[in-house]
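I opened this entry to look up fold, core and surface. The structure goes in first, my notes after it.

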Amino acid sequence: MTGSIALFIRLGLYVAAGWLANIGWANFNETAGTVTVSIDALAEWIAAGVAFVGAYAWSRWVKARGGKT
């Protein structure tokens with residue numbers, strides 16, 4: 001992936017990382033140089049993302065076969 005889209009994705013990931021750190025789901029340990037993410041809180045967002053992508057993929061698959069959603 002090259003060009004502007006790669007830059008926008010990278011910048012979006014920076015924003016997402018800052019947002020996660022700001023709301024307390026991710027913590028940076030300066031001594032160890034590690035980032036710790038709370039999986040329990042993040043699991044809800046991951047599940048919602050999987051459901052959204054699944055619903056979108058399903059609608060595209062149905063539409064490609066002539067159906068309506």
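The entries below run from the whole chain to single residues.

**Basis.** I am working with a predicted model, in which local features need pLDDT of at least 70, side-chain atom pairs count only at pLDDT 80 or more, and totals for chains, interfaces and linings use all residues. Residues are numbered from 1 along each chain as its sequence is written, and side-chain values use heavy atoms, with hydrogens and water left out.

**Fold.** I looked up the secondary structure and found two helices and two strands, in the order α-β-β-α along the sequence. The radius of gyration is 17 Å, well over the 11 Å from the globule rule for 69 residues, so the protein chain is more spread out than a compact globule. That radius is taken over C-alpha atoms, and the rule is 2.2 Å times the number of residues to the power 0.38. Helices (H or I, at least four residues) and strands (E, at least two) are DSSP runs, numbered from the N terminus. I noted a C-alpha trace spanning about 55 × 35 × 15 Å along its principal axes.

**Burial.** Of the 69 residues, 10% are buried. Buried means under 20% relative accessible area, exposed over 50%, and partly exposed in between (1.4 Å probe, protein chains only). The chain exposes about 5900 Å², with 66% of it supplied by carbon and sulfur atoms. These areas come from the Shrake-Rupley method with a 1.4 Å probe; for residues, only the protein chains shown count as cover.

**Core.** Which residues form the largest nonpolar core? I listed five: L20, W25, A26, A41 and L42. Such a core is a set of buried Ala, Val, Leu, Ile, Met, Phe, Trp, Tyr and Cys residues joined through side-chain atoms within 4.5 Å. A26 sits in strand β1 (residues 26-29) and counts as buried because its relative accessible area is 11%. Leaving out residues up to four places away in sequence, A26 touches L20, A21, V35, T36 and V37, where contact means heavy atoms within 4.5 Å. With the neighbours within four places set aside, I found W25 in contact with residues including W19, L20, A41, L42 and W45.

**Helix α1.** Y14 lies in helix α1 (residues 4-22) and is exposed because its relative accessibility is 53%. V15 is found in helix α1 too, and is exposed at 60%.

**Distances.** V15 and A55, 40 residues apart in sequence, are 26 Å apart, C-alpha to C-alpha. For A26 and K63, 37 residues apart along the chain, I noted 39 Å between C-alpha atoms.
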